[in-house]
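Have the model open beside you as you read.

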Amino acid sequence: MIVGIAAAIGLGCAVGIFAIGAAVARRYDDPGVAWFTGYTTLVGLGLGLVSFGILTGSVPVTDFKGVVGRWLAVVWILPAALWVLFALQYTGRFVSLSVKTSSLIAFPFLVFAVQSVLSGVPAVPEQLLGFAGIVVRFYALTLAVAGIVLLVRATRRYDHLTGWQGVALAGAPAAMWLFWTNIPYIAQLGRAAGGTAYVLGALGVVGGLGLAVFRFDAFATTPAVGVVGERDVFDETDDLVLVADDEHRVVRANESVRIASDGLTPSTGTVTVQDIVGKSVDALRATETLELDVEGASAKYDPQVSTVFDHRDQRLGTVVSLREVTERELRKERLAVLNRVLRHNLRNQLDVVNAHLEAIEDDRADAATETTDRIARMSDRAQTLDRLLSETREHVTVDVAELLRETVAAYDSPVAVEGPDSLLLTTDRAALEAAVASAVDNAVTHATNVAVSLQQTPGGCEIRIADDGPGIPESELSALEAGTETALKHGTGLGLWQLTWAARTLGGSVSFDTSEGTTVTITVLDAPTNGELKRTP
């Protein structure tokens, strides 16, 4: 009675396994589906035949100690290679049906075939046949464990998956090995114990696969895209990427490194980071730009060094990424030269023009002098912007209220500062001075009445400069919004750019209200005291 019930349940589970395989087979283009379908087909067929044989009496069973255990071993051992091939492809390690994979699949079949043929030959020792059985069992167990580890690790690694997805998939081979391999020993406790192990193994397979497919959508969201994506980022990027161990020996390098190093990679022997790039890992950390000869041409690279830690925060090694910045560095050099030459020559030429204009007593000469003065101020402002955007400065404690009072005191116009007598913030003083000076200068130059106010906020402070002038032209505001000067959207100077870029350098913001005159609001954030600040527009 117990044997029949166990066999009937096993037959029902076999049908369920076939149904799961058929449901997944419809997604034949997804990673691992073909191998999964083959795996479920073999397991379902094996379990179904054994269960049917028990029910019909063709497999004589009075308990579960002998022949059933051997047949169930065949059921979980034969598909083991298909299981690991499914796990490989499902996790993004694509495999095809080649001679190697065919041998992997055929090995247990061949062993069982040889055992069947030689089992009746007197000259063949039983110990040899038994040893072959042990080998094939360990072979299948190794493949099963390898597939389980691949699935569980991959499904836990990516945010779009759940670890239970891998656990559910892993439940099938785990249940078969746990219950069916040990069924001869469990059955020694009694026929009911043996039948229970038979049923639990079958239910574990159909339950695990069913949960994975229908509850956790195992084939709707696979880890393959994450694995393949990571591999493509590493292999397809134009950056030079090296992975080194804690002794700075390169363990992996992408194709770009092979090209840049004339084929010098870990495959050629023990290679260090210094062998490939000419500098040690520690030296690279302190290097801003590295120059290498690549295919006969000199190229500049920006090195980035990251330390790799394990789950216990123990250092494993480093990842070195070198991004080519040859064109960027060339543009920087050109801009620096043009900036210095134009600024120096412009100022000198303006001084010459002013000297000649001073000798002329004419209203038009006075107007021309004012124009050259404006150009000179623009040159000075360009120099301020250059320092503001290119230099690295430390955060310092600044009394914003005092800075505002000092700024407005430089003008003849009587401008009062409303707000607290003292307000201390940690920020970039040079950037704050540049932002405030630009806003105040614009207000005093174009308006009669100017009001400056200071207010503390939870994250820093807010500075407002309001005036009754004609307002900032829409063309200048549009250029600021677009972030660039064009033929149709351009400003008349660098003052507003200085204000905007300085505010960004502070990590704050600037806004303009031109409904009545102009109100400029500058938001300044209170920064940590031990950080450095470097911003680019």
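Helix α5 (residues 99–118) packs against α6 at an angle of about 160°, and their axes lie 10 Å apart. That makes α5 roughly antiparallel to α6 (angles over 145 degrees count as roughly antiparallel). This is a predicted model, in which local features need pLDDT of at least 70 and side-chain atom pairs count only at pLDDT 80 or more, while totals for chains, interfaces and linings use all residues. Residues are numbered from 1 along each chain as its sequence is written, and side-chain values use heavy atoms, with hydrogens and water left out.

**Terms for the helices**
- Helices are DSSP runs of H or I with at least four residues, numbered from the N terminus.
- Axes are lines fitted to C-alpha atoms, for helices over the stretch in contact, and angles run from 0 to 180 degrees between N-to-C directions.

**Helix pairs**
- The crossing of α5 and α6 is left-handed (the near helix is turned anticlockwise from the far one by less than a right angle).
- On the α5 side, L104, F107, P108, V111, F112, Q115 and L118 meet L129, A132, G133, V135, V136, Y139 and L143 of α6 (contact means heavy atoms within 4.5 Å).
- Helix α1 (residues 2–25) packs with α2 at an angle of about 160°, their axes 8 Å apart.
- That makes α1 roughly antiparallel to α2, and α1 passes α2 in a left-handed crossing.

**A serine in α2**
- S51 is found in helix α2 and is buried, with a relative accessible area of 0% (buried means under 20% relative accessible area, with a 1.4 Å probe and protein chains only).
- Leaving aside residues up to four places away in sequence, S51 touches A7, G10, L11 and Y198.

**Helix α4**
- Of the 11 residues of α4, 10 are buried, so α4 is largely enclosed by the rest of the structure.
- Among the buried residues of α4 are W83, F86 and Y90.

**Helix α7**
- With 18 residues (163–180), α7 reaches 26 Å from its first C-alpha to its last, close to the 26 Å expected at 1.5 Å a residue (1.5 Å times one less than its number of residues).
- At G171, shortly before the proline P173, α7 has a kink of about 40° (the angle between axes fitted to the seven residues ending there and the seven starting there).
- Its buried residues include L169, P173, M176 and W180.
- Cover for the buried residues of α7 includes α2, α3, α4, α6, α8 and α9.

Definitions and conventions: Helices (H or I, at least four residues) and strands (E, at least two) are DSSP runs, numbered from the N terminus. Buried means under 20% relative accessible area, exposed over 50%, partly exposed in between (1.4 Å probe, protein chains only). Angles under 35 degrees count as roughly parallel, over 145 as roughly antiparallel, 65 to 115 as roughly perpendicular and the rest as oblique.
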